[in-house]
Amino acid sequence: MAFKIPSNPPTTNKTVRFPNDLIERVEMLIRGQDCTFSAFVVAAVRAAVEEVENEQRGGEDQTAAR
């Protein structure tokens, strides 16, 4: 198997304000882990987006079945 140099997906810098208590909770969760705050937030948002999209698809399927 040939080695392939990995590429990073294109990104855009966004400024987001977080409540201080949420920042503290996230930082506690990632402490000692090989994870940055940004990586945690990206993973959490991806999971939330997938969940909402799945719910919306489910709702569309139910509407079409009527």
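Predicted model: local features only at pLDDT ≥ 70, side-chain atom pairs only at ≥ 80, totals over all residues.
Residues are numbered from 1 along each chain as its sequence is written, and side-chain values use heavy atoms, leaving out hydrogens and water.

**Whole chain.** Switch to a cartoon view and you will find two helices and zero strands (DSSP runs of at least four residues for helices and at least two for strands). Of the 66 residues, 3% count as buried (under 20% relative accessible area; exposed is over 50%, partly exposed in between).

**The aromatic pair.** Now select F18 and F37. Their ring centres are 5.4 Å apart and their planes stand at 90°, so this is an edge-to-face pair (centres within 6.5 Å; planes under 30 degrees apart are stacked, over 60 edge-to-face, the rest tilted). F18 sits in the segment before α1 (20-30) and F37 in helix α2 (residues 37-65), so the pair ties together parts 19 residues apart in sequence. F18 is partly exposed at 28% relative accessible area, and F37 is also partly exposed, at 24%.

**The loop.** Next, pick C35, in the loop between α1 and α2. C35 is partly exposed, with 28% relative accessibility. Leaving aside residues up to four places away in sequence, C35 touches I30 and F40 (heavy atoms within 4.5 Å).

**Lining by class.** Finish with the lining of the largest pocket: nine nonpolar, four polar and two charged residues (Ala, Val, Leu, Ile, Met, Phe, Trp, Tyr, Cys and Pro are nonpolar; Asp, Glu, Lys and Arg charged; the others, Gly among them, polar).

Methods. Phe/Tyr/Trp six-rings, centres within 6.5 Å; stacked < 30°, edge-to-face > 60°. Buried < 20%, exposed > 50% of the residue type's maximum accessible area, 1.4 Å probe, protein only.
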